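Colleague: Please bring up the model, and then let me put my questions to you one at a time.

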Amino acid sequence: MSIVKVFLAVLASLLISGCAQKVQIRALAPAQVGEMANNKTIAVSKFRTDKVGLSGKIESKIAAHKLDGKKYFELVSRRDMDKVLKEQKLQSSELMDEKTTTRVGKIVGAQAIINGEVTTASGKSGSYKERRKRCIKYSKEKKQCARYEYYIVRCNTTEATVAANINIVGIESSSVIYGDSFRKSYQADSCRTFRRVLSSNEAIEILASDIASEFVYKLTPKYIYFKVELLDDIDLDATSKQEDKLENALKYIEANRMDKAEQILSSLLDEFDGRSYVIAYDLGVVKEAMGKFDEAKTMYYLADEIATKPIEELNAALIRIDDLISKRDEATRQIDAK
């Protein structure tokens, strides 16, 4: 075989392996701030120096957050908070003190109160002029521009930063159960980007909303998504009918008909007397895509017992499935906690 043919064969092999079919997996992950599982009745106080409405944005995102169609948190209304503060002759800024926060939290029936301070909310817009040139006459003979025209363009710029310190005080423990600092920045130059440059006010508004989203994201369990590669070449001698079955199973997977793919792969695994690591692995991926993590783990371990050499996709699956099961169990505990 010539060198050219060898090269083309290798290239074709790489292209085929690089285009292996993948399946999207949805998995439940626990909240980063696990303590919130036992503090689901929340009140949000007005933050200090909050000219960007960060506390209101956090309150709105908490109120809107749902998991499987159900609200994860119960939010104490701002009206009730303001009423208690007025009756107690307190300012929102005084809720930075843990003892005061605990006293107010008990009155409004909250298990936790979110308070904080916007430390930075600044932005500026400006402009400058830039000299440019364009070709107005091209020389075909010399194959280069023969004459340029020079012109001036106006470049608009915006810089903005929003930063905040946010705490969550547990009412029962009378202590901070979570605290963190957040900082978001924006920089844009109309002569360096193809997108519209935001005004400083627009940028500050978006940055504050981004901080609110990042903060609330840490408080709740959520679904994560990723893709897993399938194997498409049976490791044992197979009949054309068996190869067709695998191909059909892969087509059903592509069409998101996991139930049908599961039936075909289960039947195919029986035909091989449970001795094909490829079929066992693919069946494990299908079960993982269906949320049947424990059954998927059984298939992956079966595939590992059968395989006579390390398989990259299988090694990754064995590590991944244990992690997903652990995260699922922790997230479920958080969801079920009262």
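Modeller: By a salt bridge I mean a side-chain nitrogen of Lys or Arg within 4 Å of a carboxyl oxygen of Asp or Glu. The model is predicted, so to speak of local features we require pLDDT of at least 70 and, for side-chain atom pairs, pLDDT 80 or more, while totals for chains, interfaces and linings use all residues. Residues are numbered from 1 along each chain as its sequence is written, and side-chain values use heavy atoms, with hydrogens and water left out.

Colleague: How many salt bridges does a search of the whole structure find?

Modeller: Side chains of opposite charge can pair when their charged atoms come close. When the whole structure is searched for such pairs, the number of salt bridges found is 20.

Colleague: By about how much of a helix are D323 and K327 separated?

Modeller: D323 and K327 form a salt bridge whose closest N and O atoms are 3.2 Å apart, and their relative accessibilities of 36% for D323 and 31% for K327 count as partly exposed. Because the two residues are four apart in helix α10 (residues 312–336), their separation is about one helical turn.

Colleague: Turning to the cysteines, which pattern do the disulfides of the protein follow?

Modeller: A disulfide is a covalent bond between the sulfur atoms of two cysteines; the rule applied is a pair of cysteine sulfur atoms within 2.5 Å, and by it the count comes to two. With bonded cysteines counted along the chain, the pattern is 1-2, 3-4.

Colleague: Is the disulfide of C135 and C145 right-handed or left-handed?

Modeller: The sulfur atoms of C135 and C145 are 2.2 Å apart, and the pair links distant parts of the chain, ten residues apart, from C135 in strand β6 (residues 112–139) to C145 in strand β7 (residues 144–170). C135 is partly exposed at 39% relative accessibility, whereas C145, at 16%, is buried. Because the torsion about the S-S bond is about 105°, the disulfide is right-handed.

Colleague: How far apart in sequence are the parts that C155 and C191 tie together?

Modeller: The sulfur atoms of C155 and C191 are 1.9 Å apart, and the link is left-handed, with -90° about the S-S bond. C155 is buried, with a relative accessible area of 0%, and C191 is buried at 16%. Because C155 lies in strand β7 and C191 in the loop between β8 (175–189) and α5 (200–217), the parts tied together are apart in sequence by 36 residues.

Methods
Buried < 20%, exposed > 50% of the residue type's maximum accessible area, 1.4 Å probe, protein only.
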